[in-house]
Amino acid sequence: MKQSTTQNSKNIAIIGSGFGGLSAACYLAQAGHKVTVYEKNEQLGGRASVKRADWFTRDMGPSRYLMPDLFEEFFSDFGKDISDYLSLTKLDPSYKVYFKDDLKHPMIDVSSDIEKNRETFESLEPGSTDTLHTYLQSAKIQYDIGINWFVKKNYNSIFDFINLETLINAFKLKITTNIGKYVKRYFASDYMQKIMQYPMIFLWSPLYQTPAMYNLMTYVDFGMWVWYPQWGMWSLVQALVQLGTELWVEYRTDSEVTKIHTTPVEYKWRTLWKNKTSKVTALELQSGEIVQVDHIVSNADMHWTETQLLDTADQTYDEAYRDKHVLAPSGFCIYLGLDRKVDWLDHHTLIFNQDREKSNKEIFGSAEYPSDPSYYICCPSKSDPNVAPEWSENLFVLVPFPSRVTMDDDAKQAYADKILTDAERILGQDLRSHIVYQEIFWPDEFTSRYHAYGGNALSGWAHLFRQTAIFRPTNVSKKVEWLFYAWGYTNPGIWVPICIISGKLASERVGENMI
């Protein structure tokens, strides 16, 4: 297969190989450009790294495959069928939930098939099953509007919102209320509220500052099922790389970009109107190699790109801008390999604390370690024999954690012991005496491995109202011609399928700017 070329074919560099970068590479190569992806680490995938150690294969980052329609749509854009790249398994139950220190309902299984949950939900809150059907009807409307009207769209200015149809759709999304209050309109019990609000844990946003439009995540859970790609989310990275390779994308690992070279532009009307003061000419690697390029799409961390790769005069977002925004939190991650099987865990298990509002304040409003957090346990060995020996269990424990928190090695181990002690108590299982492999990954590691600003886990701003859609940074540099962005800071935001869309939106920007 020979790479297609066009009259306007350009030499385009992608900095970073997260899902946004891999996606942008595919779309730009499809358009006939020569595309090279530069990744600082030893493997592709950005935060979706994979770790193989002591018989265990584990995702180091994302572990939930949701919004399957968006992944299918991505591959169909290239005339491909996703089944040619991934082997997907439907999980049922979708996840297990533990309510800490609750004697009446300590544990429940949650299926995407609501009728399977009818008896369970009715025991939690009489009448809640019928209410949930109504709630999900609204959530589906929000999903369809949110994805098709707001997520899959580039924004140029606030005037993109100043039309009747957009305003009507925005009203249907319930953007004027927050998800905390919105859920309470439907459900009275703390049990059902926690189940409906838990996606905010994975969206990494404060409960009472996040618009109710993100209720659409509940529809994703119950309306689309929860899936698992064999070998984990790393297989999705491999799928995008395979597709890119078929499109003649070049990938370079261990190739950290240390500088974006620019040159001043002539003050023609077009560039003056866009307020550009320079244009991209080349990038420089840590090795000293300088590569001449026509365009750059940065999938590296926003703060790192701005402050480390660009000269001060070329930076769009200064520290004052960043100080006014709420950063998505980080994660305290414990990766475990055990020499035994563990009962009472599903592939996905959620452990909810009693006081989620206190935890919410600790995560977003302090620099303290969460005292009694809710957390998530992923056990892929329950579904996939490829990730651990049959006599063992492969675990990933994730605790939502404040960014910009410092810990020494003793404090890290002490906090890990605290969480594992709690998990042993909840599960009634001995974990720590069966550990044959352990690794702790926390904010400092996010900073060192991914250049993550503040050690945040998802490379983006939290999804508050003032940080949604048009209010997120644009994916075009305001200072540098031919510099574009595909990252979680820009619209449409954070999360794997959304980052894939961000890559497409960035590629569309490149096309627009060639006119």
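## Before we start

What you're looking at is a predicted model, where local features need pLDDT of at least 70, side-chain atom pairs count only at pLDDT 80 or more, and totals for chains, interfaces and linings use all residues. Residues are numbered from 1 along each chain as its sequence is written, and side-chain values use heavy atoms, with hydrogens and water left out.

Helices (H or I, at least four residues) and strands (E, at least two) are DSSP runs, numbered from the N terminus.

## The second largest pocket

Let's begin with some empty space. Rolling a probe the size of a water molecule over the atoms shows where empty space is left. A pocket here is an open set of points on a 1 Å grid over the protein atoms alone, where a 1.4 Å probe fits, with protein on both sides within 12 Å along at least five of seven lines; lining residues have an atom within 4 Å of a point. The second largest pocket has a volume of about 360 Å³; a volume is the space filled by probe spheres set on the points, with grid points joined across faces, edges and corners.

Buried means under 20% relative accessible area, exposed means over 50%, and partly exposed is in between (1.4 Å probe, protein chains only).

Strands count as paired if DSSP finds at least two bridges between them. Strand β1 (residues 11-15) pairs with β13 in the parallel sense over four bridges, and I15 stands opposite S298. Strand β20 (residues 483-485) also runs parallel to β13, joined by three bridges, with I296 opposite L483.

## Some buried residues

Now for a few residues up close. I145 lies in helix α4 and counts as buried because its relative accessibility is 9%. Leaving out residues up to four places away in sequence, I145 touches F150, N169, K172 and L173, where contact means heavy atoms within 4.5 Å. I145 and L173 are 28 residues apart in sequence, while their C-alpha atoms are 7.5 Å apart in space.

The K96 side chain makes a polar contact with the side chain of D109 at 2.7 Å. A polar contact is a pair of N or O atoms within 3.5 Å; within protein, one must be able to donate a hydrogen and the other to accept it, and residues adjacent in sequence count only if both atoms are side-chain atoms.

S235 sits in helix α10 (residues 234-246) and is buried too, at 8% relative accessibility. Its side chain reaches the backbone oxygen of G232 at 2.6 Å. Helix α7 (residues 190-197) has seven of its eight residues buried, so it is largely enclosed by the rest of the structure.

Most residues other than glycine have a negative phi, and most peptide bonds are trans. Here are some exceptions. A cis peptide bond joins D92 and P93, with omega about 5 degrees, and P93 lies in the loop between β5 (88-91) and β6 (95-99). Another cis bond runs from N491 to P492, with omega near 10 degrees; P492 is in the loop between β20 and α17 (496-512).

W231 has a positive phi, near 75 degrees. W231 is in the loop between β8 (226-229) and α10, and is partly exposed, with a relative accessible area of 40%. Phi of W482 is also positive, near 75 degrees, and W482 is in the loop between β19 (480-481) and β20.
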